[in-house]
Every structure is written in structure tokens, then in C-alpha cells.
Amino acid sequence: MKYYRNHILVSINETSLAAGVQEFISSLRNELAKNDLAEEINILETGPLGFFGRGICLTVYPENINYEDVKIEDIPELVQEHFLKGRPLKRLMLGAAEKFSPKFNYENRIVLRNSGIIDPENIDDYIGTGGYEALEKALTQLRPEDVISEVKKSGLKGRGGAAFPVGLKWSFTAALNVPQKYVVVNADEGEPGTFKDRLIMEGDPHQLLEGVMLCAYAVGANKAYIYIRGEYKLCIARLENAIKQAYQYGILGKNIFDSGFDIDIEIKIGAGAYVCGEETALIESLEGNRGNPRWKPPFPGVEGLWKAPTIVNNVETLANVPFIIAKGAEEFVKYGTPECPGTKVYTILGDVAYPGLCEADMGTTLRTIINDYAGGMKKGFRFKAALVGGAAGVILPDRLLDVKMDFSSLNQYAAVLGSGAILVLNEHQSIIDLLWSILRFFRHESCGKCSPCRNGTEQLYKLISKIRKGNGTMQDVDLMLFIAETMQQTSFCALGQSPIMAVRSAIENFPDEFIELTKK
Amino acid sequence: MIKEICKKYAPHKDNLIQILHEIQNADPQHYISNEAVDTVAEYLNIPANHIYGVLTFYTMYSTKPRGKNIIRLCESPPCYIKGSENILRKLKVLLGVNVGETTKDGLFTLELCACLGVCGNAPVMMINDDFYGDLTEEKVEEIIDKIREMR
């Protein structure tokens with residue numbers, strides 16, 4: 001293996017591609033070669049680096065210095081200063097403008113441990129960091145029931161929103177004695193403000209594949225589908241490449257590691273429907289139908305894809321499994337809280353100093369996440385509210401920021417933690433506007449199968465539009481609550497049951513804004 | 001051409017969504033015609049109205065011809081609070097069309113869409129397969145001008 005003095009990690013993602021990162025890398029290569037540094041400095045194209053700087057972002061190891069918004073014109077200066085003279089170029093360092101250095105050291109990374117460090121397009125990089133060890137261990141030393149009991153012991157709960165214990169879910173399907181079972185990965189991420197799954201797949205696609213294979217082995221399936229949204233082109237390309245490499249290495253396909261276990265993984269591309277994040281709607285879509293949800297029970301674990309038992313798990317859930325099997329459940333429960341072990345991946349957006357991606361222990365307070373991980377509010381802005389959990393989430397004011405972020409604590413506020421989206425609003429932004437935008441979203445995304453949701457989302461949108469224009473009354477506000485509660489009780493699936501979260505939390509936590517607008 | 005695309009897939013209904021994607025991507029006007037629907041229906045041995053139902057359910061498909069460049073501006077809450085309404089207004093003025101319409105020269109179609117998952121750079125839009133983030137009114141004008149020059 002070749003050794004280098006420095007590694008420059010370049011994040012290849014949708015943002016940097018738009019900023020011309022390919023051209024940037026070739027210029028950087030030329031500049032390094034011009035200075036006789038090509039043998040000393042390695043350039044590595046990798047996934048998300050864990051912060052969202054603007055434009056092209058770099059991390060330089062071993063110093064662990066982050067640069068943001070680096071332009072082609074900056075390359076000569078950067079190479080001169082940092083790589084010839086050894087002085088980091090302060091001007092471009094992340095945080096130079098805000099006088100703050102994001103404390104990435106807080107992070108305990110499980111799911112993102114390789115993200116932004118390895119080359120996601122190279123299977124050897126993944127194997128080099130201990131990848132596929134868990135699979136090998138499972139196939140050669142563990143019985144399927146051992147895998148399930150390890151996952152049960154770890155206390156892992158589904159990261160897609162419903163927080164169902166994963167080991168328990170698997171055990172229902174494993175117990176069924178039928179010839180055909182399936183594993184389906186829910187990568188149809190559509191909750192507004194959420195893109196953790198995209199970054200998990202872009203940064204470390206093999207980890208997801210390994211999780212899928214472990215799940216398939218545990219429940220006795222030999223076919224898996226990854227249902228991914230059509231807009232995630234880079235994810236799709238990286239996953240296709242990862243699957244191809246795994247087949248070449250004999251990690252996918254027939255008789256893996258001479259264990260007699262066969263598994264095939266196929267990518268299916270979605271076509272744009274929020275409701276397909278609901279597991280039965282997703283299955284309908286996989287079968288080539290409109291994405292209307294099905295009646296439950298029977299649950300997919302018993303009767304899913306083509307009526308066969310089907311495990312549907314979220315990307316983040318499955319990405320946790322290799323760690324649990326390789327290191328053991330005892331190691332996993334060291335993270336998080338006793339009721340909710342492990343970590344959670346968040347995307348923090350809005351007027352914070354460092355919007356971005358972070359992985360925090362379950363139970364970390366919202367205040368810590370916003371103040372420490374995201375660097376607090378952007379200079380000149382004051383905190384007003386945080387929308388936690390996307391459109392199907394809750395709007396929390398400052399006094400509720402000490403809520404612990406885990407599934408059991410957030411239940412008090414009936415919030416959906418699954419999506420991990422935290423959208424921060426400043427004092428100038430209107431809660432009514434935010435709620436209007438959320439209800440417009442639901443109105444558009446209702447699939448129309450059941451009338452409480454189809455009609456309810458329309459009526460909620462009309463009412464909030466009326467209030468927003470200043471034509472509403474407090475009776476309209478009460479009516480919104482009544483409609484949203486009725487929808488919660490009577491809608492067919494989680495989509496129609498969700499708007500109550502945003503509606504109730506907005507009205508309860510920010511009553512003044514409603515009173516102000518309905519005065520006339 | 002449509003027949004050739006169909007033949008790449010086994011004649012099972014579960015391939016419908018993938019087949020429709022490929023047909024639409026291959027069509028210069030980015031849409032799925034009635035003739036295409038009939039061909040696919042025959043190949044998969046399913047009713048044409050089932051396919052029409054699927055087509056109109058998912059936002060990525062179009063049953064009407066569209067322009068060379070499809071602009072999809074995100075209108076979900078994270079982009080909305082970062083000013084996507086202003087971007088929409090600017091786009092309407094620049095292109096002289098409303099949402100869902102195509103410019104007379106056939107160069108652009110303006111659409112709105114739900115969260116694209118690039119919220120770190122809100123407001124965001126997609127033009128065909130490319131993302132454009134951190135949009136401002138000036139930036140949008142530059143992007144549109146650039147594409148117009150390239151034609």
C-alpha cells in the first residue's frame with residue numbers, strides 16, 4: 001500500500017457537482033503535479049463530509065481541516081499555503097466567517113463512520129475498514145436465529161418513523177415456513193427537510209448492502225429490492241456500482257462464503273409520490289400499481305410483496321445492523337439511552353450557523369444539537385421555532401428545546417423522530433406561513449384513497465389560506481383542530497393521520513400568531 | 001422504439017414503472033404518449049387504463065409533451081421559508097409561462113415539486129437531471145440565460 005503525507009477528501013455530492021467539482025479535481029491534480037506533490041498528497045473522492053459548506057468542500061487529513069466554497073481560482077494559493085508551507089488557508093476554512101469551529105468531536109458515529117472518509121465507489125475501501133466482516137461472521141458462525149437475537153438484544157428500533165423494534169419484526173417473518181420471502185429497503189425518502197438516507201447511501205453504499213444481506217439471512221429471504229426515489233441519481237449510480245462490485249467479489253449471488261446462502265439485490269426506481277414512503281403503498285408501487293396503501297393487518301411481514309412475507313426497513317435502520325453483528329449488541333447499547341440505544345442521524349437546516357448532517361446519541365437534547373452540533377443560530381438571527389420531523393412533525397418553541405431526542409421522550413409531544421429533520425426558524429419567520437406550506441404539501445401528496453385525508457387535506461389548506469390572508473376567525477382555528485383530529489382518527493394510513501401534529505403544535509405553542517391574524 | 005424498450009424487461013406488471021421511466025427519458029419531449037401506453041399495455045397484457053392510472057399518480061411522469069428542459073422547483077417547507085416563492089415569481093417572468101406550461105420555443109417547462117432532498121442548499125430546483133441550489137433571483141437569471149445561449 002502506498003503512503004501519503006496528506007489526504008485531501010473531496011465531497012462529491014449534488015451540490016459540489018453543480019459547482020463543477022470534476023473540473024476542480026483535475027485542476028487540483030495539475031497544480032499538485034506542478035509542485036511535485038503528486039506523490040505526497042492523495043486526492044480522494046468521497047461522500048458527504050458531515051458539514052454543508054457552500055460549493056465545493058474539502059477535508060484535509062491528518063490535520064482534519066475543513067474548507068468550504070473552494071473555487072478553481074483558489075487552488076494555487078491553497079496548494080502554496082497548505083501543502084507547500086504547511087499553513088492552513090484561514091480564509092477558506094469552514095467557520096472562518098462565523099468565528100466558530102463546529103464541534104464534530106461530539107459525534108459518535110455508527111451509521112456515518114465511513115462517510116466522508118472512504119471512497120464510496122470502491123469496495124476495497126469498505127472492506128479495509130472492516131466491511132463485510134459482520135456478514136462473514138453471520139454466515140460462517142451464526143444461525144439466522146442468532147442474528148435475530150443479537151438484533152433484539154441491541155434494542156434497535158426502526159429509524160423510519162414508527163420506531164418498531166427491529167428484531168421483533170424480523171422474528172415474525174423468520175418464523176413463517178414459506179418458500180419465498182423478500183426484503184425491501186425503503187429508500188423513498190420524501191419527508192420535507194430530510195435527506196439523511198441519501199447521504200448514508202452516497203457516503204457508504206456497501207454498508208446498506210451488508211445490512212440488507214444480514215436481514216435477508218436472518219429472516220430467510222433470498223431476494224431484496226431497494227426502492228429508491230427517482231430524483232436520487234447519484235445514489236442510484238453509487239448503489240448500482242456497489243452491487244456490481246459485490247457480485248464480482250462473490251459477496252452477492254449464489255453460495256456466499258461457501259455457506260449455501262444465496263441473495264440477489266435489485267434496485268427499483270420510484271416515480272415521485274410521498275405516500276410511497278408508507279410501506280404498503282411502497283409495495284403496491286413495486287408491483288406496478290398506483291401507490292395506494294393497503295389495509296393492515298395482514299402486515300407486510302406476513303403478507304407483503306406478491307403476497308409473500310416481506311420485511312420493509314428504512315435505509316438507516318439496516319445501516320445500523322452490520323455494526324451490531326460485527327461488534328455485538330453490548331457495544332451498540334453503549335450509545336444512546338437504555339430505552340433507545342444507538343444513534344440517530346439528523347439533518348439540521350435553516351438559520352443555524354452550520355446547517356448539515358450529524359449523528360448524535362439517542363437522547364441528546366434538541367438544544368445541544370442546535371447549539372453545539374450546528375453551531376447555534378447564524379449571526380444576527382434569533383431562534384423562534386424548530387420544525388422537527390418534517391411535514392409530519394411538530395413545531396417546537398424555545399421553551400421545549402430541552403426535549404430529549406429519542407423515541408420515548410418525543411412521544412410526549414407526539415413528534416415523529418424518524419425523519420431526523422430539524423428545520424430552524426428565525427424570529428422574522430411566520431409560523432402561519434410555515435403551517436400553510438406544510439398543509440399545501442399534504443394537500444398535494446394525499447393519494448386520494450380515503451375521504452378523510454382527501455377532503456381533510458383540502459379543507460385544512462383552505463382554512464389556513466383564509467387565516468393567512470387575515471380573513472379567518474378563531475372558529476376557523478378550532479375547525480382546523482377538529483378536522484385534523486378527525487383525520488387522525490379516521491384516515492386509512494399515516495399520511496392522513498399526520499397533519500394534526502403540525503396543526504396542534506403550531507396552535508398550542510404559538511397561539512399569539514393566530515390571535516393576531518384573526519383579530520379583524 | 002417503444003417496443004424495443006419494453007423487450008428489455010420481462011413482461012411482468014411489476015416492471016411497469018421502470019419501463020415508463022425509460023420511455024419518458026428516451027422521448028425528446030419527455031412525455032408518454034397514448035400510443036406508448038397502448039404498446040406497453042399490449043406487451044404487459046394489462047389494461048391501458050391501469051397504465052394511465054399509474055402515469056397520472058406519480059409526479060415524475062407527464063402525459064403531455066414538455067419542453068427540452070424541465071424545471072422542477074421545490075415548494076416544500078424548507079425551500080419555501082428560504083424564499084422559493086420569489087424564485088417562482090422570477091422564473092414566471094423570465095420564461096413568460098405559468099406552472100405546468102411550456103415556453104413557445106419549446107425550451108423550458110416550468111413545474112413545481114415536493115422536497116428533492118437537497119435542503120442543505122435551499123431553495124433548490126432541478127433542471128432535467130441537474131440540481132441547482134442556494135438560488136437567488138440573480139442566479140436563476142444566469143442559469144436560464146446560460147441554457148438559452150447553449151441551445
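**Entry 1: domains**

Which domains does the domain assignment of chain A give? I noted domain 1 (6-97), domain 2 (123-332), domain 3 (343-426) and domain 4 (431-518). A reminder to myself before going further: this is a predicted model. I then checked how far apart domain 1 and domain 4 of chain A sit, and their C-alpha centres lie 46 Å apart.

For chain B, the assignment gives domain 1 (2-57) and domain 2 (69-150). The C-alpha centres of those two domains of chain B are 28 Å apart.

**Entry 2: overall build of chain A**

I counted secondary structure next and got 21 helices and 14 strands in chain A. Its C-alpha atoms fill a box of roughly 75 × 60 × 40 Å along the principal axes.

**Entry 3: the cores**

Which residues have the most contacts inside the largest nonpolar core? They are A:Val184, A:Val212, A:Leu214 and A:Cys215, in a core of 184 residues. Helix 9 of chain A gives the most to this core, with ten residues. Apart from this core lies another, of 23 residues, which includes A:Ile12, A:Ala19, A:Val70 and A:Leu89. For context, nonpolar side chains tend to be buried together in soluble globular proteins.

Leaving out residues up to four places away in sequence, A:Cys215 touches A:Trp170, A:Val183, A:Ile311, A:Asn313, A:Leu318 and A:Val321.

**Entry 4: helix 8 of chain A**

How many residues of helix 8 (196-203) of chain A are buried? Eight of its eight are, so I wrote this helix down as mostly covered.

Strand 6 (223-228) and strand 8 (261-269) of chain A pair in the parallel sense over six bridges. One pair I marked: A:Ile226 has A:Ile267 in strand 8 of chain A as its bridge partner.

Does strand 7 run parallel or antiparallel to strand 8? Strand 7 (253-256) of chain A is joined to strand 8 of chain A by two bridges, and the strands run antiparallel. Here A:Ile256 stands opposite A:Phe261. Strands 7 and 8 of chain A make a hairpin with four residues between them, and A:Phe257 in the turn has a positive phi of about 50°.

Where is A:Pro297 found? I located A:Pro297 in the loop between helix 11 (279-286) and strand 9 (310-314) of chain A. The peptide bond from A:Lys296 to A:Pro297 is cis, with omega near -5°. The bond from A:Pro297 to A:Pro298 is cis as well, with omega near 5°.

A:Trp306 also lies in the loop between helix 11 and strand 9 of chain A, and its phi is near 45°, a positive value in a non-glycine residue. Is A:Trp306 buried or exposed? I put A:Trp306 down as exposed because it has 12 other C-beta atoms within 10 Å, and the cut-off for exposed is 12 or fewer.

A:Asp69 has a positive phi too, near 50°, and is found in the loop between strand 4 (65-67) and helix 3 (75-84) of chain A. With 14 C-beta neighbours inside 10 Å, A:Asp69 counts as partly exposed.

**Entry 5: where the chains meet**

Last, the interface: 35 residues of chain B are in contact with 44 residues of chain A. Helix 2 of chain B gives the most to the side of chain B that touches chain A, with four residues. By class, that side of chain B has 20 nonpolar, ten polar and five charged residues.

How values were computed: Residues numbered from 1 in each chain as written. Chains lettered and ligands numbered in written order. Predicted model: local features only at pLDDT ≥ 70, side-chain atom pairs only at ≥ 80, totals over all residues. Contact = placed C-beta atoms within 7 Å. Nonpolar A, V, L, I, M, F, W, Y, C, P; charged D, E, K, R; others polar. Domains from an automatic or database assignment. Buried ≥ 20, exposed ≤ 12 C-beta atoms within 10 Å, placed from the backbone. Core = buried A, V, L, I, M, F, W, Y, C linked by C-beta atoms within 7 Å. Pairing = 2+ DSSP bridges.
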